[in-house]
Amino acid sequence: MMGFFDALFGRTKIPEGKTDQLFALSTALLDIQTRLSSTFAGKAAIILRTVDNSSYDALERDVQQILTLGGKDMPVTAEHIDDNQGYRWIVFTGKDPEDVINALHLTADMLKEAGYGDSLLAAMFAFDPPWYLIYTYRRAAFYPFVPKLSHTRDSAREFRIAQTLKPYMPIEKDPERWYALWDPPF
């Protein structure tokens, strides 16, 4: 809810990220494999605005500890990377896409519970042959991103992927909101 001073000064409160639709990817994985001839490449990431304070550092340690405790049950590693655009990437690596999705969702929920829900921007999943599926937390929808050389995109392939996945997961309806995330650190 917007406060009095926010309304007075024309500030807009940023809504918290929505995480529940992330699991739609779990149900679409078989369709991605059979209909798009693509497999999960073992990497995914949460992208958030960089947060600098000691409580966030403690949260990062908690995430790492939980993933370490998961051990054999959730063999996923997490790495924190700050890019030169001012964003923090939490990169998850694991063979089983279900484990990576669960680790990513768990981390996003921990961020929300710690008060960083408005810092969640997107989640990004890598597939092979190379393309990405991006989840926007604010819109609770996915969209494909197929980068080519020289920071160009294969829009035709992106539309084909979106049409193929549309029956199985929430796809962002407005292609103008299919923002490029160039040079992900994974």
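Residues are numbered from 1 along each chain as its sequence is written, and side-chain values use heavy atoms, with hydrogens and water left out. In this predicted model, local features need pLDDT of at least 70, side-chain atom pairs count only at pLDDT 80 or more, and totals for chains, interfaces and linings use all residues.

Q: What percentage of the residues of the chain count as buried?
A: Buried means under 20% relative accessible area, with a 1.4 Å probe and protein chains only. Of the 186 residues of the chain, the buried part is 43%.

Q: Is Thr136 buried or exposed, and why?
A: Thr136 lies in strand S5, residues 131–136. Thr136 touches Leu121, Ala122 and Ala141, leaving aside residues up to four places away in sequence; contact means heavy atoms within 4.5 Å. Because its relative accessibility is 15%, Thr136 counts as buried.

Q: Which elements give two or more residues to the lining of the largest pocket?
A: A pocket is an open set of points on a 1 Å grid over the protein atoms alone, where a 1.4 Å probe fits, with protein on both sides within 12 Å along at least five of seven lines; lining residues have an atom within 4 Å of a point. The largest pocket is lined by 21 residues, and Ile47, Tyr87, Leu121, Ala180 and Leu181 lie nearest its centre. The elements giving two or more residues are strand S3 (87–93), strand S4 (120–128) and S5.

Q: How many residues of the lining of the largest pocket are charged?
A: Asp, Glu, Lys and Arg count as charged; Ala, Val, Leu, Ile, Met, Phe, Trp, Tyr, Cys and Pro as nonpolar; and the others, Gly among them, as polar. The lining has 12 nonpolar and three polar residues, and the charged ones number six.

Q: Which helix gives the most to the lining of the second largest pocket?
A: Residues lining the second largest pocket include Ala141, Phe159, Ala162, Gln163 and Trp178. The lining divides into seven nonpolar, one polar and three charged residues. With three residues, the helix that gives the most is H5 (residues 155–165).

Terms used:
Buried < 20%, exposed > 50% of the residue type's maximum accessible area, 1.4 Å probe, protein only. Helix = DSSP H or I, 4+ residues; strand = E, 2+ residues; numbered from the N terminus.
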